[in-house]
Amino acid sequence: MSNDHFETKLVLAGRRPVKSHGYVNPKLVRGSTVLYPSCADRREIGKRRLEQEEIYGLYGSETHFALEAVVSEIEGGTHCQIVSSGLAAITVPLLAFLKSGDHVLIPDSVYGPTRRFCDTVLVRYGVTTTYYDPMVIEPALRALIAPETKVIFAESPGSHSFEVQDVPMLSRVAHAHGAKLFMDNTWGICTFQPFRHGVDVSIQALTKYIGGHSDIVLGAITVATEQDWAWLRTGALDLGQYASPDDCWLALRGARTLNVRLDQQAANALTIARWLADRPEVQRVLHPALPSCPGHEFWKRDFTGACGLFGIVLNPTFDYGAVTAMVDSLRLFGIGASWGGYESLALPTSFTISRSEGTGSFGGEMLRLQIGLEHVNDLIADLEAGLSVLRGQAHITCSSPPCMAGELEDRRGVEQAQ
Ligand SMILES: Cc1ncc(COP(=O)(O)O)c(C=O)c1O
């Protein structure tokens with residue numbers, strides 16, 4: 001199977017027709033108690049906690065193991081643990097690998113809830129965090145390493161500001177120091193092979209492209225060594241991590257069509273990104289495949305493609321009120337959290353959405369677009385109409401009541417969760 005193309009592997013992975021009574025798809029197995037023929041059998045199997053065997057509901061079932069096999073295949077790792085959400089796929093390995101007194105380096109562009117977890121939970125357990133510039137160069141990163149640094153975290157590109165990181169460099173620095181490199185690889189699903197670029201622990205929010213239909217919340221953590229697996233599996237079980245087999249089954253169904261959805265959404269997104277780059281209302285397009293995106297050179301070097309999520313920076317003429325008026329006017333773009341589903345979404349966002357103080361800005365209001373499977377021309381027509389609404393709002397200034405500090409705080413709170 002190893003010489004098969006990726007598309008073929010996606011069709012074959014995790015399927016064991018003998019186990020599923022000949023049916024094409026793995027069984028949906030629900031359950032807590034597993035019965036054993038004898039006490040001796042139960043004692044024996046209880047010793048194999050780290051293995052993916054049906055021991056007790058919490059340890060997973062055929063359905064979980066099938067999805068874990070699929071995600072391992074996609075990510076290019078050896079072992080995968082399914083957890084309850086994409087956020088749990090971030091927090092579980094941090095808790096599993098770190099202990100009191102350790103230090104972690106997190107990119108300043110990180111997904112807001114990851115930052116909140118470091119600042120509110122890890123800190124209570126004596127783990128300190130330093131936020132680093134996602135575009136950091138090697139000497140500056142080395143200077144941030146302390147004897148206690150045990151994990152460098154990457155999220156590439158950042159899911160709001162889209163900086164593509166130099167992952168091989170992060171890996172070199174981490175490993176020279178004996179630390180691990182974790183990466184939230186949700187954006188890079190299928191187009192970035194984390195373990196080939198030196199990542200130790202790869203994180204996927206399956207809620208996004210593997211689910212693909214905006215109907216589940218699920219996460220996966222993949223590793224590529226037995227030692228990392230022992231840490232991860234033990235940590236996940238000790239934390240009581242579990243995911244519904246129904247959701248795993250839906251994720252398995254989503255995974256079989258992942259490549260065709262992703263290809264189409266990525267193609268639509270690139271067409272729209274290029275169209276937006278020529279619009280006078282747009283100052284900059286933050287799409288990793290375009291030179292205007294920070295870290296584009298790393299995308300060109302390390303990725304084989306893109307997905308359907310990117311951002312734009314509008315001209316400074318337009319304030320937050322104007323951007324929300326534009327988004328409210330769109331017919332085909334929903335206003336909502338998440339991405340990776342089959343439908344398009346638009347969300348006002350900002351450079352500072354979850355950054356450290358004083359880290360600058362792109363100099364204009366930002367919009368994040370998740371491009372779905374609608375016809376690309378319909379999406380462009382919708383955006384064109386939206387941009388004319390935006391132009392009509394150009395005179396509104398930020399001193400009007402809706403943009404007061406309280407509103408700004410609310411906006412940060414809501415947007416960080418996405
Ligand atoms: C980059 C990134 N990682 C992780 C997550 C968390 O995923 P979930 O919503 O499944 O917890 C998100 C959610 O938006 C995300 O954008």
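1. In this predicted model, seven strands make up an open sheet with mixed pairing, and their order across the sheet is 1-7-6-5-4-2-3. The edges are held by strand 1 (79-83) and strand 3; each of these has a single partner strand, so one side of each lacks a neighbour in the sheet. From one strand to the next, the twist averages 20 degrees.

2. Strands of a sheet pair through backbone hydrogen bonds, in either a parallel or an antiparallel manner. Strand 6 (residues 201-205) and strand 7 (residues 219-223) run antiparallel and are joined by 5 bridges. Within this pairing, V201 has V223 in strand 7 as its bridge partner.

3. Two helices that lie across strands of this sheet deserve mention. Helix 8 (residues 226-238) lies across strand 1, strand 6 and strand 7, and its direction is at about 20 degrees to strand 1. Helix 5 lies across strand 2 and strand 3, running at about 155 degrees to strand 2.

4. Which residues of helix 5 (residues 112-120) are buried? They are T114, R115, F117 and C118. Viewed down the axis of helix 5, these buried residues fall within an arc of 160 degrees, so they line one face of the helix.

5. Is L87 buried or exposed? L87 has 20 other C-beta atoms within 10 Å, and 20 or more is the cut-off for a buried residue, so L87 is buried. The C-alpha atoms of L87 and T114 are 7.3 Å apart, although 27 residues separate the two along the chain.

6. A further open sheet consists of 4 strands in the order 8-9-11-10, with antiparallel pairing. Strand 8 (282-286) and strand 10 (345-349) are its edges; each has a single partner strand, so one side of each is left without a neighbour in the sheet. The twist here averages 25 degrees from one strand to the next. Strand 8 pairs with strand 9 (residues 309-314) over 4 bridges in the antiparallel sense, and I312 in strand 9 is the bridge partner of V285.

7. Helices also pack on this sheet. Helix 10 lies across strand 8 and strand 9, at about 155 degrees to strand 8. Helix 12 (residues 320-329) touches strand 9, strand 10 and strand 11 (366-370), and its direction makes about 175 degrees with that of strand 10.

8. Helix 13 has contacts with both of these helices. Helix 10 (residues 258-277) and helix 13 (residues 376-392) pack at an angle of about 35 degrees, with their axes 10 Å apart, and the crossing is right-handed. N268, T271, I272 and W275 of helix 10 meet V376, L379, I380 and L383 of helix 13. By class, this contact has 6 nonpolar, 2 polar and no charged residues.

9. Helix 12 and helix 13 pack at an angle of about 150 degrees, with axes 8 Å apart, and their crossing is right-handed. Helix 12 contributes A322, V323, A325, M326 and S329 to the contact, while helix 13 contributes A385, G386, L387, V389 and L390. The residues of this contact comprise 8 nonpolar, 2 polar and no charged.

Conventions:
Residues numbered from 1 in each chain as written. Predicted model: local features only at pLDDT ≥ 70, side-chain atom pairs only at ≥ 80, totals over all residues. Axes fitted to C-alpha atoms, helices over the stretch in contact; angles between N-to-C directions. Left-handed = near helix turned anticlockwise from the far one by under 90°. Contact = placed C-beta atoms within 7 Å. Nonpolar A, V, L, I, M, F, W, Y, C, P; charged D, E, K, R; others polar. Buried ≥ 20, exposed ≤ 12 C-beta atoms within 10 Å, placed from the backbone. Arc of directions from axis to C-beta. Pairing = 2+ DSSP bridges.
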